[in-house]
Amino acid sequence: MKVDLSEVRKIVNQAKTESLQEGDMLVNILHCVQDHFGNFIPPEAAEIVAQELDIPLSKVYEVLTFYTMFSTKPRGKYVIRVCVNLPCHVTGGRQIMETLKEELKIDVGETTADGMFTLETTSCLGLCGVSPVIMVNDTYYGDLTPKKVREIIEKLRAGGDEK
Amino acid sequence: MALTANTILICAGGACISSGEESVKQALEREISKYALQDAVRIVETGCMGACSLGPLMVIYPEGVFYQKLTPKAAQEIVEEHLLKGRVVEKYLYKGPTGEVVPQVAEKLPFFSRQVRIVTRNVGFIDPKNIEEYIARDGYFALAKVLREMTPEEVIEEVKKSGLRGRGGAGFPTGLKWELTRKGTSQKKFVVCNADEGDPGAFMDRSVLEGDPHTVLEAMIIAGYAIGANQGYIYVRAEYPLAIERLNTAISQAREYGFLGSNIMGTEFSFDIEIRIGAGAFVCGEETALIASIEGKRGQPRVKPPYPAERGVWDCSTLINNVETFANIPPIILKGADWFKSIGTENSPGTKVFALAGKIVNTGLVEVPMGITLKELLYEIGGGSSTGKPIKAVQTGGPSGGCIPAQYFDTPVDYDSLQKLGAIMGSGGMIVMDEDDCMVDVAKFFLEFTVDESCGKCTPCREGTRQMLRILEKITSGEGTEEDLYELEALGETIKDTALCGLGQTAPNPVLSTLEYYRDEYEMHVKEKRCPALKCKDLTRYVIDESKCVGCTACARVCPVNAISGEVRKAHVIDNEKCVRCGSCIEVCRFNAINKVSP
């Protein structure tokens, strides 16, 4: 993939001007860079961030590998995050995960060969009132059953954009 | 604004959105314009109304009729019947446990009538995207009072007098924290709102941020005035995109109206707020880790003291309060500390928002006075078990808390009583479990969480919790011994005493509390190799009841590992060597012929 580095420079400088406080904007910048590349941070971009902020590259990676939401590998068009916390667990979350693995034929942390889906787990999404819950990119789906999960996947495969 | 005949409040909380609020709203709009009612009816998307299990839901004023479990078709009927003809559509009203239609009016439903709403006073009643609706409900009045009539010391005194304690979990007196931060010696000071709500099963902060973001801003500005800070940060988890969006809107509106920025309300005082977004790390809810994350570093905690009041963001004195704590501040300023103290108990004044989840009829958010008993909370407001089986235990405080068994449900809910039971108030998540839930499995579940989320900085948490998990895995796979139970206790106590931060120190709680109250269940796992709740896979088997099986082959076809065999129209058998206990066969069997047994 070709990485447009001037765009990364722009993002970093934009973030610098928006901050009220002089200092380290690294987490926010990484969010912006990741969004720009469609949910991952290529090594070339990480290098630019390090240069622009005048910090060692190791520092960028130290931070970016700490947080689960940042990825150094390309992820699918749809990142499916399955809530694996107790409220979802007691209301059938395990089955939801099994169904997704079966349906997508991938394990947690993997991406389908066609680049459509990445399966991840997430900490509590705070939608326990309608558990079990998953999040597909920025959209939530609640009160799930294996059947509903299959329908969602089918819809996304057919190109129906989320909800 | 023209006078409207009807106002529809439609809940646009995360839970209702996930169950189809958007399509209901579109249907409403379509029908309303079809009948040219645009000028007579106003639709307001509010924050979470709390009754998540009934969503999508809405309330139509002036009568206050409460409609639930809506669909686009329901919306159409309601426009045609209710709005055009003035007839309440009964089938979408809330029905009680026996199917009776109970009061139409939202305020009179048992779920709502028992609540005392301070923190969530505006959530579900106003349009969170419109600052004027907040102002119309006395919003920013407390700020005006503080800036015009009170000195910073008086503000702190009032908060101290109210007895408000931190709602994030530990229950530290809020006024004292403010005072300590004011006394901090650094030149610059910061106010931080901890909106990194990560405890599984707790979602009250999210609801306040989404449903009433201005109350948090107002309280932070007041705090800034009281401690002498000019800048605030709200640290929100990235898992809450809607909350982030609404906060951004609120901040720019507040700037526009002169509540944020330079010379607020024409005074000398200036204050501004910036949002920082987390990136998926549970430990960042711990205050020192949160500070590190705000500074753009790995979110790892450090040793306290020094506390943030002395050395916080950029080594400056920093006040950190949680969302729910802040939301209490404007009412305390407006109505006074004495009013606040008249609610709740002596040592825990005020209210607490609880998130009811798991196997309970009315899942969602409720705000009740401190001191209410668990029984009242779970049965009278929560509606009791949703599975028909009795409630066995309730888990409070997430991975830092413990399980409270049903025989203690007369306990009043406040900081001290829960602590005595080995649980904690935590952020207020209540996860209800019935006899189908295995307590060893629950403990293991939380340990998996902690092991996963441990930041790795200190050994007791990084290695200790891993060892505890290993023992629990041994037990649930049928290889545990009695010694393991003692080992678990000893390890748990050691971690409690030696871990660096609050997350580590409380990580053994789920294990220790279940060991205390459900030791018999642990013993069955180790002595009899049996899981009474039939949850632990390695200790259960699936068997087909020959007398019920008609040989339809549905189970054999669905089995992913071909563990089921048998001829058509003859009873089938399951090979338990091959069986992975996925449960697919039980799901498809129409004759209830497949049972789970242990051992």
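**Exercise 1. Surroundings of B:W339**

Task: In this predicted model, find which residues B:W339 touches, not counting residues up to four places away in sequence.

Solution. Step 1: Leaving out residues up to four places away in sequence, the residues touched by B:W339 are B:I118, B:P331 and B:I332. Step 3: Check the accessibility. Buried means under 20% and exposed over 50%; B:W339 has 24% relative accessibility, so it counts as partly exposed. Step 4: Compare sequence with space. B:A292 is 47 residues away from B:W339 in sequence, and the two C-alpha atoms are 38 Å apart.

**Exercise 2. The nonpolar cores**

Task: State how many residues the largest nonpolar core has and which residues have the most contacts inside it.

Solution. Step 1: The largest nonpolar core has 77 residues. Step 2: B:W178 and B:F271 have the most contacts inside this core. Step 3: Find the main contributor; helix α10 (residues 213-227) of chain B gives the most, with 10 residues. Step 4: Look around B:F271. With neighbours within four places in sequence left aside, its contacts include B:V191, B:M220, B:I221, B:L260 and B:I264. Step 5: Turn to the second core, which is separate and has 50 residues, among them B:V368, B:L374, B:I381 and B:F446. As background, nonpolar side chains in soluble globular proteins tend to be buried together.

**Exercise 3. Helix α21 of chain B**

Task: Explain why helix α21 (residues 509-517) of chain B is described as largely enclosed by the rest of the structure.

Solution. Step 1: List the buried residues of α21(B): B:N509, B:P510, B:V511, B:L512, B:S513, B:T514, B:L515 and B:Y517. Step 2: Set the count against the length; 8 of the 9 residues are buried, so the helix is largely enclosed. Step 3: Name the partners. The buried residues of α21(B) pack against β12 (402-405), α17 (439-453), α18 (459-476), α19 (482-498), α20 (502-506) and α22 (519-528) of chain B.

**Exercise 4. Aromatic pairs**

Task: Classify the ring pair B:F111 and B:F112, then the pair B:F282 and B:F449.

Solution. Step 1: Note the total, which is 14 aromatic pairs over all chains. Step 2: For B:F111 and B:F112, the centres are 5.2 Å apart and the planes are at 85°, so the pair is edge-to-face. B:F111, at 7% relative accessibility, counts as buried, and B:F112, at 13%, also counts as buried. Step 3: B:F282 and B:F449 are 4.8 Å apart centre to centre with 80° between the planes, which is edge-to-face. Step 4: Locate this pair. B:F282 is in the loop between β7 (272-277) and α12 (287-294) of chain B, while B:F449 is in helix α17 of chain B, 167 residues apart. B:F282 is buried at 12% relative accessibility, and B:F449 is buried at 10%.

**Exercise 5. The second largest pocket**

Task: Determine which elements give two or more residues to the lining of the second largest pocket.

Solution. Step 1: The second largest pocket holds about 1300 Å³ of space. Step 2: It is lined by 49 residues, and the closest to its centre are A:V84, A:M97, A:V108, A:T121 and B:D452. Step 3: The elements giving two or more residues are β1 (78-83), α6 (93-104) and β2 (117-122) of chain A, together with α17 and α18 of chain B. Step 4: α17(B) gives the most to this lining, with 8 residues.

Conventions
Residues numbered from 1 in each chain as written. Chains lettered and ligands numbered in written order. Predicted model: local features only at pLDDT ≥ 70, side-chain atom pairs only at ≥ 80, totals over all residues. Heavy atoms only, no water. Core = buried A, V, L, I, M, F, W, Y, C linked by side-chain atoms within 4.5 Å. Buried < 20%, exposed > 50% of the residue type's maximum accessible area, 1.4 Å probe, protein only. Helix = DSSP H or I, 4+ residues; strand = E, 2+ residues; numbered from the N terminus. Contact = heavy atoms within 4.5 Å. Phe/Tyr/Trp six-rings, centres within 6.5 Å; stacked < 30°, edge-to-face > 60°. 1 Å grid on protein atoms, 1.4 Å probe; cavity = no way out; pocket = protein on both sides within 12 Å on 5 of 7 lines; lining within 4 Å. Points joined across faces, edges and corners; volume = space filled by probe spheres on them.
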